[in-house]
Amino acid sequence: MILSTKNTDGLRSLSQIYTRSNFNRVIRKSDFKFTNARIYKHMKISSNSKYADLLENLYYYLQRTYRSEYFYKNALINKLLLGTYSLNTTTVLNEFKIGTSIADFVLLNGEARIYEIKTDLDSLDKLEKQILDYSQFGNKIYIVASHNHIEKLSEIYADSPVGLIEFTQRDTLSTVKEADSYSGNFDHTCIFKALRKHEYLEIIQECYGAIPDVPNTLIFRECLRLAKQLDICQFQKMAFEKLKARKLRSPQLLLDSRTPYELKHICYTMDLSTDEYDNLYKFLNKELAHVSSLPQR
C-alpha cells in the first residue's frame, strides 16, 4: 500500500472511509463506490489486496497522521467496552443527546459515565456548556483528548469532578485525572428527555402502579410531572437501567475474530444483524483489483 498524498485534505478524505454512512452503503447496499473512489484517488495498490488488509493498514497509518474523532471512539469501544467491561453488563450509547449537547460516548455499567472527545482538530470553545449538560445526567464525566489539549484541560479542571484521559500516539487511553462521582446537578427534565416513550412509561408504571389516563397528546407532560415528584437520584438510577437494557442483536459477532479491531465501533453503532455481519465478512475478503495508475478526476 502506497499513499499518493499526505496532505490534510487527502487524509481527511481517506478517513471518511471509516464512517457509519459509508459502511451502511457497503454492508446494506453492497455499494463500494465511495470506498473505492477514495482508495483509487489517494492510494496505489502494489498487488491484488483484500479490503481487510488494506483497511487495517490504512487505519494504523491514519491513527498516526490524521486522528479524527472515529479513532478515539474506536479506542473507547475496544479498550473500555470490550477490554475492561463486558457486553453482558455494559451498554454504550453513541452520539447521545443530553440537554442541548450531543455526548460522544456514554458508558452505562455500575453508573453512567460520559466521555467527551476533543481531538487535535477540535477547539475547546463549547466544552463548558457540554460539561454542564452532561452533569445533569451522568455520574462521572471524562474528557478524552490528545496530548496537545491535556495540559490546558488539566489547569481548567484541576478542582473539578471532571476526569481527563489522554489518547496517546500509541493508541492507548491513559488516565490523567480520575473523575469523581457527582449528582448535584441531576435534572429531572434532562434525564426524562433522554428516554424513549416506552422507557419512561415503564418507570411511571413501576413507581405509580399505572400509566396516567390522559389523551395521548398530554402523556409526555403528565409523565414528566410525575417523574419530577420522584427523588432525583432514584429517578436517574431507574432511567439509567432502562437505557442499559438497550442491547445488541449479535453481540457474539462483535467479539468474533473476523470483526476487525478497526471496525468495532462502526459495527457496534450500526447494531448489525447476523446476515449483515456475513455481508461485512464477504466484503473484507474481496480483492481490490490492482490499479496501475490513478484515475483522473
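A polar contact is a pair of N or O atoms within 3.5 Å; within protein, one must be able to donate a hydrogen and the other to accept it, and residues adjacent in sequence count only if both atoms are side-chain atoms. In this predicted model, local features need pLDDT of at least 70 and side-chain atom pairs count only at pLDDT 80 or more, while totals for chains, interfaces and linings use all residues. Residues are numbered from 1 along each chain as its sequence is written, and side-chain values use heavy atoms, with hydrogens and water left out.

**Histidine 265**
- Histidine 265 lies in helix α13 (residues 264–270); helices are DSSP runs of H or I with at least four residues, strands are runs of E with at least two, and both are numbered from the N terminus.
- The side chain of histidine 265 makes a polar contact with that of asparagine 94 (3.2 Å).
- Histidine 265 is buried, at a relative accessible area of 4%; buried means under 20%, exposed over 50% and partly exposed in between (1.4 Å probe, protein chains only).

**Salt bridges**
- A salt bridge places a side-chain nitrogen of Lys or Arg within 4 Å of a carboxyl oxygen of Asp or Glu, and the count comes to 16.
- Arginine 28 and glutamate 276 are joined by a salt bridge (2.9 Å, N to O), linking helix α2 (residues 20–29) to helix α14 (residues 274–285) across 248 residues.
- Arginine 28 is partly exposed at 35%, whereas glutamate 276 is buried at 15%.
- Glutamate 222 and arginine 225 also form a salt bridge (2.6 Å, N to O); they are three residues apart in helix α10 (residues 219–227), and therefore separated by about one helical turn.
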